[in-house]
Amino acid sequence: MRSNLRGSRCFDRGVDTSEYSDEEMEVWESGPSPQRYSVSEQDSAFLVAEVESEIVGFAEVSLNDPELDKLYVHPANQRQGIARTLVEAIEQRVRDHGGGSLYVEVSLNAVPFYEQTGFQRTGTYEKTVAVDTESVEMTMVDMRNALR
């Protein structure tokens, strides 16, 4: 059962949590560890956004079967165009690598952003998100952007 926070816009965690319960957010936020980020893989690109020499966000894409794996902007720097700039740079990397579209699996709260950047929904489903011994079912959305 979802908490009574549904429908409210709670940004104290840095994201709009209105689509998820506290339990879902706690499990989701607790992993994965930074060591699991594959920044040295040759078939991926990892981009970092900086403002005044401070890292404020990052994005990672798998290039062989183009998928936007990670996109993050620090809460203090959100709504400044940084995420959009990262997505545009990732899309260019995919084009340069010969890709014609970009896939992303997103949480419900991210759907409006991705729709604004040209992605279209291709499916919705429940996914088990597990970290250590904790797990929850979360609604996720598949989206794809045909690159021009």
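The following legends describe close-up views of a predicted model.

Residues are numbered from 1 along each chain as its sequence is written, and side-chain values use heavy atoms, with hydrogens and water left out. Because the model is predicted, local features need pLDDT of at least 70 and side-chain atom pairs count only at pLDDT 80 or more, whereas totals for chains, interfaces and linings use all residues.

**View 1. Strand E4 and its pairing with strand E6.** Strands (E, at least two residues) and helices (H or I, at least four) are DSSP runs numbered from the N terminus. Strand E4 spans residues 101-107 and is mostly covered, five of its seven residues being buried. Here buried means under 20% relative accessible area, exposed means over 50%, and partly exposed lies in between (1.4 Å probe, protein chains only). E4 runs antiparallel to strand E6 (residues 134-146), to which seven bridges join it; two strands pair if DSSP finds at least two bridges between them. Within this pairing, Leu102 stands opposite Asn145 in E6.

**View 2. The salt bridge between Glu60 and Lys70.** The structure holds three salt bridges, each defined as a side-chain nitrogen of Lys or Arg within 4 Å of a carboxyl oxygen of Asp or Glu. In the bridge between Glu60 and Lys70, the closest N and O atoms are 2.8 Å apart. Glu60 belongs to strand E2 (residues 54-62) and Lys70 to strand E3 (residues 67-73), so the pair ties together parts that are 10 residues apart in sequence. Glu60 counts as buried because its relative accessibility is 1%.

**View 3. The salt bridge between Lys127 and Glu105.** The side chains of these residues, Lys127 and Glu105, meet at 2.7 Å, N to O. Lys127 lies in strand E5 (residues 120-131) and Glu105 in strand E4, so this contact ties together parts that are 22 residues apart in sequence. Lys127 is partly exposed, with a relative accessible area of 30%, and Glu105 is also partly exposed, at 25%.

**View 4. The salt bridge between Arg121 and Glu115.** The closest N and O atoms of Arg121 and Glu115 are 3.0 Å apart. Arg121 counts as partly exposed because its relative accessible area is 48%. Glu115 is likewise partly exposed, at 38% relative accessibility.

**View 5. Aromatic pairing around Phe46 and Phe58.** Rings of Phe, Tyr and Trp (its six-membered ring) pair if their centres lie within 6.5 Å; planes under 30 degrees apart count as stacked, over 60 as edge-to-face and the rest as tilted. By this rule the count comes to four aromatic pairs. Phe46 and Phe58 form a stacked pair, with 5.5 Å centre to centre and 15 degrees between the planes. Phe46 lies in strand E1 and Phe58 in strand E2, so the pair ties together parts that are 12 residues apart in sequence. Phe46 is partly exposed, at 29% relative accessibility, whereas Phe58 is buried, at 18%. Ring pairs link Phe46, Phe58 and Tyr72 into a cluster.

**View 6. Glu50 in strand E1.** Strand E1 comprises residues 44-51 and includes Glu50. With 54% relative accessibility, Glu50 counts as exposed. Not counting residues up to four places away in sequence, Glu50 touches Ile55 and Val56, where contact means heavy atoms within 4.5 Å. The C-alpha atoms of Glu50 and Ile82 are separated by 9.1 Å, and these residues are 32 residues apart along the chain.
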